[in-house]
Amino acid sequence: MGKPTGFLDYERKVSKDVSPKQRIKNFKEFHEHLSMEEQQLQGARCMDCGVPFCQSGMTLCGMTSGCPLHNLVPEWNDLVYTGNWEQAYKRLHKTNNFPEFTSRVCPALCEAACTCGLTGDPVSTKENEYAIIENAYEKGYAAAKPPKVRTGKTVAVVGSGPSGLAVADQLNKRGHLVTVFERSDRVGGLLMYGIPNMKLEKQIIDRKIKVMEEEGITFVTGADIGKDIKPEKLLKEFDRVVLACGSSNPRDINAPGRDAKGIYFAVDFLTRNTKSLLDSDFADKKYVETKDKNVVIIGGGDTGNDCVGTAIRHGAKSVTQIEMMPKAPDTRAENNPWPEWPKVCKTDYGQEEAIAVYGHDPRIYESTVKEFIKDKNGNLKGVKIVKLAWEKDKETGRMNMKEVPGSEKVLDAEIVLIAAGFLGSQKYVTDAFQVELDPRTNVKTAAGGFKTSVENVFVTGDMHTGQSLVVKAIRQGRECAREVDESLMGYSNLYVQ
């Protein structure tokens, strides 16, 4: 625990954000973090709560409560308070391979389950995590530590997103020789091209990859397994293969006019934007131009919000975000008690920026696209939307969404970005490996396991479970690495809490 009375003595304090109108001038991270001394006082707020829900990672009412990695939160909060930063890093890194990523992009499931949050403000655990890892890099605690003994066993990891990197990191620590294959030109998968730079600057990824290379992991980019390289080659050259290719099949919107020019999947939009930024600081013009255009984003989740922020930074004339679900309440409902994940309305950075630039929240709730409207040249010029309402099916008793007659509305739109989620793993990869799939096109395994239907082939992350959080992908990678290690050595000493 921290200071026994810390949660009474100190108020929650977090980093300040650069103002929306200022931060949209670039694609840099925009949080102004606390000093080390101020952060230590935040560590003092961690209370002796008896049962630390923050690290539980339980599923309550279909939602995760607490950290899926079971981070030792009270321990390193106390170490932050006492100024023992090196030990704090060791305790954090024991359960989390990549705190430099999670401290930036995780939705802080730990804070939502914090006991302090029951009647007040939760401990600023996410920012304590950020302070620990950044101090560790500055002081050299996070420097490369290659394994002292090698087993001679070889493992190929296909995909370098958070789950693939976690598998590689764990198996390398065990002493196995690990090669990571990435089809893109840069390592990082979702972290590199699926998350925009203002949420996770890419030199942060490069910094960690450099450490992993120094520890003995080999990274091969531009290697599209299933197309450029056949699975048979990997299975012949490596003792084990781990598939960590993500859930990258985007869900489409099949409405009339879908063939209009100007409609993009959100993941393609974000990828092209980040690649152009990194390659040439946008000089190559290979990104999707939104300057002076009306942009409509279909999807109200994190990816949709990232599209909002990206479009605004390029000078969009207007940005509208279409959301099928109704607006969540501003405060917890009685049927959503702590420590469940709070189902409340969240105004994220992109929406904050839209409010600052355009004077209103960009979201339109309980609506869906009915038609994409084209001009005579096939270019998108508008989107027809319709309001939705919940109705109970008299036969099944289920609640279904129905169109509200006469509620159609046309929005001006030269660009549409589809951020409606993903449908599972990509077929050419699963076909190439001939692995068995479940009804959702995720790679099938035994319950709680990671071994596929093909001998010596394992699967982890979104390719295994469907689209989820970075922190859950890391957890999957750690668990998968342990199972792979057991299959190679007959036992495993890899730590998974």
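This report covers helix packing, salt bridges, a surface patch, backbone geometry and selected residue positions in a predicted model.

## Basis

The model is predicted, with local features needing pLDDT of at least 70 and side-chain atom pairs counting only at pLDDT 80 or more, while totals for chains, interfaces and linings use all residues. Residues are numbered from 1 along each chain as its sequence is written, and side-chain values use heavy atoms, with hydrogens and water left out.

Helices (H or I, at least four residues) and strands (E, at least two) are DSSP runs, numbered from the N terminus. For single residues, buried stands for under 20% relative accessible area, exposed for over 50%, and partly exposed for values in between (1.4 Å probe, protein chains only).

## Helix packing

Helix α13 (residues 266–280) and helix α14 (residues 302–313) have axes that come within 10 Å and cross at roughly 45°. Axes here are lines fitted to C-alpha atoms, for helices over the stretch in contact, and angles run from 0 to 180 degrees between N-to-C directions. α13 and α14 are therefore oblique to each other. Angles under 35 degrees count as roughly parallel, over 145 as roughly antiparallel, 65 to 115 as roughly perpendicular, and the rest as oblique. The α13 and α14 crossing is left-handed; this label applies if the near helix is turned anticlockwise from the far one by less than a right angle, and right-handed applies if clockwise.

Helix α9 (residues 162–174) packs against helix α18 (residues 470–489) at an angle of about 40°, and their axes are 7 Å apart. This angle makes α9 oblique to α18. The crossing of α9 and α18 is right-handed.

## Salt bridges

Side chains of opposite charge can pair when their charged atoms come close. A salt bridge is counted when a side-chain nitrogen of Lys or Arg is within 4 Å of a carboxyl oxygen of Asp or Glu. By this rule the model has 31 salt bridges. One of them joins D306 and K199, with an N to O distance of 3.4 Å. This pair links distant parts of the chain, as D306 is in helix α14 and K199 is in the loop between α10 (190–194) and α11 (202–214), 107 residues apart. Both D306 and K199 are buried.

In the salt bridge of D361 with R363, the closest N and O atoms are 2.7 Å apart. D361 is partly exposed at 29% relative accessibility, whereas R363 is buried at 12%. K370 and E403 form another salt bridge, with the closest N and O atoms 2.8 Å apart. It links distant parts of the chain: K370 belongs to strand β13 (residues 367–374) and E403 to strand β15 (residues 399–403), 33 residues apart. K370 is partly exposed at 31% relative accessibility, and E403 is partly exposed at 42%. Salt bridges with shared partners also join R23, R313, E352 and E353 into one network.

## Surface patch

M324, M325, W390 and M399 form a nonpolar surface patch with about 380 Å² of accessible area together. Patches are made of residues with over 30% relative accessible area and no salt bridge; like charges are joined within 9 Å, and nonpolar side chains (Val, Leu, Ile, Met, Phe, Trp, Tyr) within 5 Å. The areas come from the Shrake-Rupley method with a 1.4 Å probe, and for residues only the protein chains shown count as cover. M324 is in the loop between β11 (318–322) and α15 (349–358), and is partly exposed at 42% relative accessibility.

## Backbone geometry

Most residues other than glycine have a negative phi, and most peptide bonds are trans. The peptide bond from W338 to P339 is cis, with omega near 5°. P339 is in the loop between β11 and α15.

K285 is not a glycine but has a positive phi of about 60°. K285 sits in the loop between α13 and β10 (294–298) and is exposed at 58% relative accessibility. Q434 also has a positive phi, near 60°. Q434 is in the loop between α16 (427–433) and β18 (457–459), and is exposed at 65% relative accessibility.

## Selected C-alpha separations

C61, in the loop between β3 (58–60) and β4 (63–65), is exposed at 62% relative accessible area. L417, in strand β17 (residues 415–418), is buried at 0%. Its C-alpha atom is 31 Å from that of K208, 209 residues apart along the chain.
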